[in-house]
Amino acid sequence: MLKIGSHMDMKAPDYLLGAIQKTIENEATALMVYTGAPQNTVRKSVSTFHIPEAHSLMQEAGIPLENMIIHAPYIINLANTEKKETYDLAVQVLRSEIERTSQMGAKYLVLHPGSCLKATREDGIASITKGLNEVIQKDCPVTVLLETMAGKGSEIGREFQELAKIISLVNYPEHIGICMDTCHMHDAGYDMHDFDGVLEEFEKYISLDRVKVIHVNDSKNVQGAHKDRHANIGNGEIGFEALCKIVHHERLQEVVKILETPYINDLAPYKAEIAMLRQKEYHSEWLEEL
């Protein structure tokens, strides 16, 4: 079974149950949600999310709980060494998101490593590691997935070596994994048209077993632009053929693939894009019809 889905909104009143229903409508086998708005810390109690009903529906549809991915809010910046209150907030929110992820029955929490601002990248990495060690204990019920980043501004994680350094310094590395993002890696300078070469470079520093999720996004930018602007599948600089090969790569069959592509005419394109990737055929008219 191809483990593929998309980012799904959790809207009142159905929340997670509604996200699962829409996932099934999209003929997807996976999904990713935020537990609240990604830009702030305002959160509803997970008790309002209809979790038991959602789990029951997932079971009926044959969607394993491990295929439900949670994404941490962007406001978390463990790399900030300039403002203690920002760092302390990041630690607090990350701790809460791990708890909420566990309460939702999910196994994986995707996290942007953070931006070091005016500090050195070494100091930023040290700060990220410090924060992870404050939050992640031996009995942590969740695996935190560090996301590969485009390198916009002072983002940490644009190079595999930086993520490897963080992993090497955490106290409980068994609770750390990786979320690859195709747009981010392309914008960071990696050649998505030679994905075997990218995997070879990755494995110089990190075991491929740590990759649990891949965000499948095309890019509006040329390779190495460090801008992070997602494009719809087949409508960007990476292209459909390269992305399709990544989705069906024999070494990544057990990895969950999640689309975060832009809406078209205020409509989610995920059902069409998932169908194209599953069938290994690009149909521009499917997107034009939205």
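The entries below go through the helix pairs and then the nonpolar cores.

**Ground rules.** I am working from a predicted model, in which local features need pLDDT of at least 70 and side-chain atom pairs count only at pLDDT 80 or more, while totals for chains, interfaces and linings use all residues. Residues are numbered from 1 along each chain as its sequence is written, and side-chain values use heavy atoms, with hydrogens and water left out.

**Helix 1 and helix 2.** I looked up helix 1 (residues 16-25) and helix 2 (residues 51-61), which pack at about 20 degrees with their axes 8 Å apart; helices here are DSSP runs of H or I with at least four residues, numbered from the N terminus, and axes are lines fitted to C-alpha atoms over the stretch in contact, with angles running from 0 to 180 degrees between N-to-C directions. That angle makes helix 1 roughly parallel to helix 2 (under 35 degrees is roughly parallel, over 145 roughly antiparallel, 65 to 115 roughly perpendicular, and the rest oblique). The contact (heavy atoms within 4.5 Å) involves L16, L17, I20, Q21 and I24 of helix 1 and I51, E53, A54, L57, M58 and A61 of helix 2.

**Helix 3 and helix 4.** I then found that the axes of helix 3 (residues 84-103) and helix 4 (residues 121-135) come within 10 Å and cross at roughly 45 degrees, and the two are therefore oblique to each other. On the helix 3 side I noted Y87, V91, L94, R95 and I98, which meet S127, K130, G131, L132, E134 and V135 in helix 4.

**Helix 4 and helix 5.** Next I followed helix 4 to helix 5 (residues 160-169), where the packing angle is about 40 degrees and the axes are 9 Å apart, so this pair is oblique as well. Here helix 4 supplies R121, I125, I128, T129, L132 and N133, and helix 5 supplies E162, K165, I166 and L169.

**Nonpolar cores.** Which residues touch the most other members of the largest nonpolar core? Among its 87 residues, I found that these are L78, M104 and L132; a nonpolar core is a set of buried Ala, Val, Leu, Ile, Met, Phe, Trp, Tyr and Cys residues joined through side-chain atoms within 4.5 Å, with buried meaning under 20% relative accessible area (1.4 Å probe, protein chains only). Leaving out residues up to four places away in sequence, L78 touches Y87, A90, V91, L94, L111, P113, S127, I128, G131 and L132. I also noted another core, lying apart from the largest one, with ten residues, including I69, L145, C179 and V213.

Key
Buried means under 20% relative accessible area, exposed over 50%, partly exposed in between (1.4 Å probe, protein chains only).
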